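Here's a short tour of one protein model, written for anyone new to reading structures. Have the sequence and the 3D view open as you go.

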Amino acid sequence: MPVVAAPAAVGPVDLLVLVVLLVGSIVVGIRAGRGANSADAYLLGGRSLPWWAILGSIVATETSTATVLSVPGAAFGDTGMKWLQIPLGYLAGRVLVAAVFLPRYFQGNLYTAYEVLEKRFGSLTRRVSSLLFLATRSLGDGLRLFLAGLVLERLLGWPLAASVLVMSVVTVIYTVIGGLRSVVWNDCIQFVIYLIGGIASVFVITSQIEGGWPWLLTWAADSGKLQPFNFRFSLADPFNFWAGLIGGAVLTIGTHGTDHMMVQRYLSAPSQRDAAKAVVASGIVVLLQFLLFLFIGIQLACFYAQGNRTVPGTGDRIFIGFIVEHFPRNAGLVGLMLAAVLSAAMSTLSSSLNASASAVLNDFWIPLSRHPLSESQQVRLSRLLTLGFGVLQAIIAIQAARLDKSVVDSALTIAGFSAGILLGIFSLGILSGRAGQGAALLGAAAGLIVLLLVQFSPMLNGPAVAWPWLALIGAATTFFVGLLVSAFAGNSR
């Protein structure tokens, strides 16, 4: 990966803003980590975090650099506001998570999402599901760290490895020191930072559009970019109402109902009611957040349509290019956007590290250990595991530079398969009283095979099914194959 010269847009004031964010994250981690001397306090924040902080952490965790940069790039093209159909499904899915999944997670003193599966199917299903979570989470978030590193390489002119290591080291430090409390409070701060960056961008872009707000709104309406709905059904088009509502809802039930990174936040709430408020309200906040970043994309389209300006690439390169070329020099605004990009990346990374450490400790180490671990040993081991996953994801990010972008995209797609497969296993446990452990595992294997065929089969000449439908396909295949296996096993007896 070539080293890019540092752009003139980054001055001392911008770098100061960036340093304040990095140092501040560590300080928050140290303060939040006081008293984290038990597994309950370190991994679940003592189960006493306020619902609004959990809400902020949920939103920040699911917001990656892709949201901040790629969503504006999508709105810049033909998509416009049609992206908003997806978060409508996200909101519907969260309501179902609160109604169906949360009651099961608050039955007993659980530490991970997959303990529920052990009660229903057995220990092997729990460990296979947890291993699927760990593998896809490490791969997916390592690649997301790589993509965030590319952004810093572009904006700061640092080598990719240096960009990745700065994010990794700071995130690992505050996560190792403070545990989940540090992660959640840093998430809330990072959420505010990237929102401020987005709002500031709205005014910076508008100030450089000839005709200002009146022309911007007129142009956006005339170009059709403000139209949010497309009711024409198509499996290949991700931006129609049905893909958004149905596909988006099922995807969210998988990511927010069965992924331990999210479930860990619910378990940190004082009660099921607080967890429900956090997860449902987060859907509204995510909808508004998408509205903000989609509007930025429409603004960029209007700006570059004037005066035959040269568009700086495609996708996320458009917003990055505008920041480098048109943001005010050394006024702190470029630093604010750098902080926003870092915040989006670090919030996801820290949550991933803490949740992965929790999964290994509670799903593998403690159940398989011959001797019980003391509280201090569990905390010490959790810190070591957090450090280990931080190193692993940094290695994945740095090594990803050797891969073709299409390989990275394919790997990210595979990492996303876990949401549908895990949802299928959970659904089998909830809706079928007959299915046993063998049926659940065979169903999961079938779900993975079908998803790989749908996404990568040469006979399809490329993906014929848009990404919002993949979780539904994976969940349905896992569930129905599991039902058939259990029915066949029952008849054979």
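## The cavity and its lining

Ser64, Thr65, Asp141, Arg144, Leu145, Ala148, Ala344, Ala345, Thr348 and Leu349 line the largest cavity. A cavity here is a set of points on a 1 Å grid over the protein atoms alone where a 1.4 Å probe fits but cannot get out, and lining residues have an atom within 4 Å of a point. Two elements give two or more residues each to this lining: α7 (123-156) and α14 (333-368). Helices like these are DSSP runs of H or I with at least four residues, numbered from the N terminus.

The volume of the largest cavity is about 70 Å³, counted as the space filled by probe spheres set on the grid points, which are joined across faces, edges and corners. Searching the whole structure turns up one cavity of 30 Å³ or more.

## What kind of model this is

This is a predicted model, so local features need pLDDT of at least 70 and side-chain atom pairs count only at pLDDT 80 or more, while totals for chains, interfaces and linings use all residues. Residues are numbered from 1 along each chain as its sequence is written, and side-chain values use heavy atoms, with hydrogens and water left out.

## Salt bridges

The structure has nine salt bridges, each one a side-chain nitrogen of Lys or Arg within 4 Å of a carboxyl oxygen of Asp or Glu. Take arginine 137 and aspartate 259: their closest N and O atoms are 2.7 Å apart. Arginine 137 sits in helix α7 and aspartate 259 in the loop between α10 and α11, 122 residues apart.

Another pair is glutamate 62 and arginine 94, whose side chains meet at 2.2 Å, N to O. Glutamate 62 belongs to helix α3 and arginine 94 to helix α5, 32 residues apart. Glutamate 62 counts as partly exposed because its relative accessibility is 25%, and arginine 94, at 0%, counts as buried. (Buried is under 20% relative accessible area, exposed is over 50%, and partly exposed is in between, using a 1.4 Å probe and protein chains only.)

How many of the 12 residues of α3 are buried? Nine are, so the helix is mostly covered. The elements covering those buried residues include α5 (85-105), α8 and α14.

Serine 201, in helix α8 (residues 160-207), is buried too, with a relative accessible area of 0%. Leaving out residues up to four places away in sequence, serine 201 touches Ile296, Gln299, Phe319, Phe327 and Met337, where contact means heavy atoms within 4.5 Å.

Note on methods:
1 Å grid on protein atoms, 1.4 Å probe; cavity = no way out; pocket = protein on both sides within 12 Å on 5 of 7 lines; lining within 4 Å.
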